[in-house]
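Hi everyone, thanks for making time today. I'd like to walk you through a structure that may be new to you, so please have it open and follow along.

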Amino acid sequence: MVAIIEKRDLRDFDWLTTLLAIAIAAFGVWQIHNALPNESYWSKQIVGIGIALFAFFVIVFSDYRRIIDLAPFFYGFGLLLLALVLTPLGVEVNGQQAWVKLPVIGQFQPSEFAKIPTVLMLARYFGQKKGGALTIRETLVGVAILAGPVGLIMLEPDAGQAITYFPLLAAVLFLSGIKVRYVIGGLVLAAIMIPTAYYVGVQTGVIKRYQQERINAILDPESVDPRGYGYHTVQSVITVGKGGIAGIQGDSQTSQSVLKFLPEPQTDFIFAVTAENTGFVGCISLLLAYALLLSRMIAGAREANERPAMLVIMSIATALAFQIFMNMGMALGVLPVIGVPLPLMSAGLSALLTTFCAIGFVISIRMRRFVN
Amino acid sequence: MKLNDYTQNVGMRMIVIQVVAFVLLTLLGVRLYYLQIVHGDYWSGRAENQRVRLIPIPAPRGAILDRNGKILVDSRPTYNVVLSNEPLKTIDVSERVPEYARGLNLEPDFVTERLNLIKKQNEFEAMVLKESATMQDIAWVESHGLEFPELRIELQPQRFYPHGTMLAHVLGYVGEISPKQLEQDEYKSRGLRPGDIIGKGGLEQSYDQFLRGRPGYRKVLVDSRGRVQSEIEVVQPQAGQDLLSTIDLDLQTTAEQQLAASVTKRGVLIAMDPNNGEILALASAPSFDPNVFTQGSKTPEGRRQIAAYWQDKDRPLYNRAIQGKYPPGSTWKIPESMGALQQGAITVQNSNMTCGGGITIGNKFTRCMGSHGSPPLSYAITHSCDGYYYRLALKMKIEGLIQMIETFDFDKRSGIDIPNEKVSETPKSWKPLVEKREGRWSDIRTVYASIGQDTVVVTPISLLRAVASIGMHGKMYVPHLMKEFKPIGAMGEEGSSDYFAARPGFGFDRPEPKLIPMTDEQYDVVVKGMWGVVQGGGTGAGIRIPGFDIAGKTGTAQNSSLGSNGAKDHAWFVSFAPAFKPEIAVIGLIENVGFGGTHAAPAVKGVYETFIATRHGGVPPADASVEPRLVAKR
């Protein structure tokens with residue numbers, strides 16, 4: 001599968017995007033160290049970056065077109081892994097069976113990996129579309145492709161991961177000529193339906209009390225019990241605010257994460273740790289880095305010479321933007337607490353590997369833009 | 001753009017996605033600005049508050065000693081099981097109740113109450129779950145450190161009353177400040193907080209602010225579960241001041257024994273130095289054990305014992321010496337006699353009044369216990385002639401009696417330095433009520449009041465004080481239990497935040513007596529009558545101690561008016577000795593036993609015997625005895 005590396009390939013290799021991704025990941029390692037200096041998460045993350053970069057280069061130097069051709073195979077494999085989670089091989093953590101433990105390979109999170117085959121499958125199907133507005137049949141096929149992994153993830157149940165799949169489809173449908181009036185209609189409908197559904201959910205008890213509390217913590221953080229389910233949000237906001245302009249700059253003995261006030265500091269709340277340690281200056285720099293990364297990806301999509309390639313990049317870029325917003329919004333107390341990792345920053349091999357693979361596709365596509 | 005497809009307008013749509021993404025990232029930037037730049041200081045403060053804790057270091061409370069320096073109360077080290085607030089914040093505490101109850105042998109209701117309290121008062125770091133922890137308790141807590149990180153063991157001085165029930169009413173006890181007291185300005189102004197130990201009752205309450213030390217604290221860094229990570233600062237506590245009381249432990253022991261040996265085991269014995277008002281002994285029976293209150297309120301057995309004290313019909317918690325109000329019977333005749341002399345109803349030269357074996361008011365005859373002819377005052381005192389006093393009081397009129405009541409302060413508290421003293425009830429307080437109800441104050445009420453019955457009910461302390469003042473030629477001191485507070489040195493460096501200034505020693509603040517005008521002759525005639533009660537074959541002759549002259553007066557008070565039909569009379573004996581140069585004044589009251597000379601006087605004698613034995617080496621003081629020519633004649 002690995003094509004011969006030609007000189008031309010190297011010339012067109014997108015060094016900036018690659019270095020940007022590595023820089024953000026390295027910054028992440030520093031923050032993981034700040035979060036828990038006495039634990040080994042940061043050193044594991046360095047190993048994780050090494051593994052992820054290996055996978056990244058394998059993908060970069062593979063021909064993405066052949067991989068897209070094989071999409072149904074990867075998609076099936078992804079579903080198989082997700083199904084494996086629900087077997088006794090799955091490992092339950094905090095009431096969610098989201099992990100699989102296999103001999104030799106170890107423990108990993110299939111719901112992260114399955115994003116790649118889902119993107120490829122969507123790109124393969126919608127990439128064949130020639131023109132004109134999106135049909136209902138095409139929409140339904142798109143929904144069906146997404147329903148496979150999302151359905152299995154909801155069985156775990158892991159609502160946070162499931163939500164991150166929707167932007168993949170949304171981007172693809174939007175770029176496949178869905179009528180603007182449907183988009184606007186859908187947004188209006190969502191604006192009405194989400195509060196209504198929430199109200200009905202609360203009344204019928206479908207939305208559980210802790211979920212309700214997490215929403216209340218956003219709407220009215222001062223009145224919510226800071227020791228109850230609002231605890232995560234309140235502590236995260238304290239941690240962020242404490243950072244001030246330039247951060248606490250290494251006084252780790254009194255940091256929110258070392259004293260265990262901030263929960264999950266190395267994963268879900270890594271952005272709060274960043275805010276505490278590097279302050280406003282560090283956070284804005286990070287936001288600019290992400291913005292630059294997304295710009296480079298979208299620029300790659302513009303230059304793509306075929307439809308499936310463009311859809312792969314845009315789908316990935318949209319999903320990354322969405323995850324960044326969800327994660328940071330949660331850390332800043334404007335979105336409810338759901339377990340979405342911050343791409344490239346949060347500790348965890350599964351997410352790191354998936355993100356680097358996704359960026360690998362983007363680079364691969366960009367590198368081959370003049371082929372044919 | 002290589003994918004030219006105008007119907008889909010793909011290029012534009014990609015721009016839309018990019019713009020939306022950038023707008024969202026910008027919103028995050030705005031939120032960051034708001035949290036970190038605009039409100040950064042506020043959140044820094046919140047973070048600081050939740051990680052820095054002050055752990056109080058309790059100050060040892062001052063000891064209470066008897067006048068000779070013998071220990072009456074002290075503090076000894078005990079271990080408490082303490083509950084931290086922080087780890088409980090995120091858990092459902094009801095799960096802990098059965099665990100704690102079993103592990104620490106506590107009542108589940110009590111555990112629930114404590115957990116609710118600490119949940120409610122979330123500004124407090126910690127609260128005591130169990131006091132006086134046993135070795136088993138300590139071992140249980142230590143071995144469950146991972147399971148229950150909220151529990152820890154703390155050393156705390158515990159109040160200890162080595163003499164148990166003895167002196168309980170004088171000493172009082174200590175306990176945690178109640179939620180009700182916290183609301184009161186008196187406690188608020190002293191900066192007391194929930195969980196603080198304060199004096200309740202007795203000297204512990206009166207002098208709480210001096211006995212109480214000033215607690216120090218440890219400023220520590222804690223993690224989210226409240227576990228101490230490091231120490232930032234330590235301020236050592238300053239101990240409370242030791243209180244030297246006026247109590248003589250030997251006399252007190254005798255007084256308690258005398259009451260315990262009495263028929264009903266209910267009564268009062270007070271011994272006072274009439275020269276300054278120092279209380280040498282104050283016993284009220286039945287009594288209670290203060291240790292039950294300080295140690296027992298957290299255990300099921302202790303709570304049952306406390307409830308039993310409250311429900312006991314003999315009222316052991318009630319200090320009869322200052323709260324009990326009893327008809328004084330014939331003991332009342334002593335201040336009354338002095339009042340009559342002062343007002344001129346009788347004179348030293350002509351003090352005779354008719355006994356007549358009694359008196360008829362309207363169609364009701366009220367009898368005297370004997371037939372005494374027309375005796376002089378001394379004789380009437382010695383032989384307790386009621387008929388004499390019926391006529392004397394009618395001559396004085398009720399206004400005269402009220403004037404006497406005011407002279408001897410029966411209309412106010414004695415001012416003794418322990419809390420909850422009651423005021424006696426007298427014709428002064430009853431007259432307006434009686435006149436309102438019956439239209440007038442009838443003579444029969446004056447007759448009854450003349451022998452300390454009906455509208456007269458007094459506290460033993462007020463009666464002792466009045467009678468002792470006559471032995472002192474009219475010097476009436478404020479009875480008190482505080483002799484001296486010992487000074488204590490300063491703590492910490494002057495000028496620093498942890499500096500506690502030295503606290504100087506001091507004595508009782510009201511040492512000056514009230515002066516009651518009386519001539520030497522008036523003094524002589526009354527005291528001679530009292531001398532005769534014991535020394536001259538009077539109603540208290542049975543307790544005569546050779547070489548040690550006692551001036552006294554018996555009383556046998558009917559209490560049918562209290563509604564206790566068929567109950568026997570209260571027995572009184574009030575006295576001072578040596579008669580003409582008093583060193584000690586003693587009052588005895590035994591409830592519902594009968595004749596004062598038979599029951600109260602012997603109990604008082606016991607106190608005198610101990611006094612002679614301990615103060616004078618068993619030999620009565622010289623010049624204490626006077627010639628028998630003093631014996632009053634008809």
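Let's start with two phenylalanines in chain A: A:F56 and A:F356 are both buried. Before I say more about them, please keep in mind that what you are looking at is a predicted model.

So how are these two rings arranged? A:F56 and A:F356 make an edge-to-face aromatic pair, with 6.0 Å from centre to centre and 80 degrees between the planes. A:F56 belongs to helix α3 of chain A, residues 41-60, while A:F356 belongs to helix α15 of chain A, residues 349-367, so this pair ties together parts that are 300 residues apart in sequence.

How many aromatic pairs does a search of the whole structure find? Over all chains, the count is 27. Another of them is A:F27 with A:W30: their centres are 5.8 Å apart and their planes stand at 70 degrees, so this pair is edge-to-face. Here both partners sit in helix α2 of chain A, residues 15-35, and they are 3 residues apart, about one turn of the helix. As a reminder, an α-helix has 3.6 residues a turn, so residues three or four places apart point the same way.

In chain A, the charged end of A:K44 sits over the ring of A:Y41, at 5.8 Å from the ring centre. There is also a case that involves both chains: the charged end of B:R13 sits over the ring of A:F174, 5.1 Å from its centre.

Now please look for a sheet in chain A. It is an open sheet of 3 strands, in the order β1-β2-β3, and the pairing is antiparallel. At its edges stand β1 (90-93) and β3 (106-108) of chain A; each has a single partner strand, so one side of each is left without a neighbour in the sheet. Ignoring direction, neighbouring strands here are turned by 40 degrees against each other on average. Between β1(A) and β2(A), which covers residues 96-102, there are 4 bridges.

One more stop in chain A is A:T164, found in helix α9, residues 159-175. At 1% relative accessibility, A:T164 counts as buried. A polar atom of its side chain lies 2.5 Å from the backbone oxygen of A:Q161. Setting aside neighbours within four places in sequence, A:T164 is in contact with A:K115, A:F322, A:Q323 and A:V340.

Let's move over to chain B. It has 22 helices and 21 strands, and buried residues make up 55% of its 634 residues. Of the contacts in chain B with a separation of 6 or more, 73% come from residues 24 or more positions apart.

Chain B has an open sheet of 5 strands, ordered β12-β11-β21-β20-β19, with antiparallel pairing. Its edges are β12 (278-285) and β19 (551-557) of chain B, each with a single partner strand, so one side of each has no neighbour in the sheet. The twist averages 5 degrees from one strand to the next. Inside the sheet, β11 (residues 267-273) and β21 (residues 584-590) of chain B pair over 6 bridges, and B:A271 stands opposite B:V586 in β21(B). Helix α20 of chain B, residues 460-471, lies across β11, β12, β20 and β21, running at about 35 degrees to β20(B).

My last stop is B:L151, in strand β5 of chain B, residues 151-160. With 8% relative accessibility, B:L151 counts as buried. Leaving out neighbours within four places in sequence, its contacts include B:V81, B:L129, B:W140 and B:Y100. That tyrosine, B:Y100, is one of the buried residues of helix α3 of chain B, residues 96-104. Just after α3(B), B:N105 takes a positive phi of about 55 degrees.

Methods:
Residues numbered from 1 in each chain as written. Chains lettered and ligands numbered in written order. Heavy atoms only, no water. Buried < 20%, exposed > 50% of the residue type's maximum accessible area, 1.4 Å probe, protein only. Helix = DSSP H or I, 4+ residues; strand = E, 2+ residues; numbered from the N terminus. Phe/Tyr/Trp six-rings, centres within 6.5 Å; stacked < 30°, edge-to-face > 60°. Lys NZ or Arg CZ within 6 Å of the ring centre and 35° of its normal. Pairing = 2+ DSSP bridges. Axes fitted to C-alpha atoms, helices over the stretch in contact; angles between N-to-C directions. Polar contact = N/O pair within 3.5 Å; in protein donor to acceptor, adjacent residues only side chain to side chain. Contact = heavy atoms within 4.5 Å.
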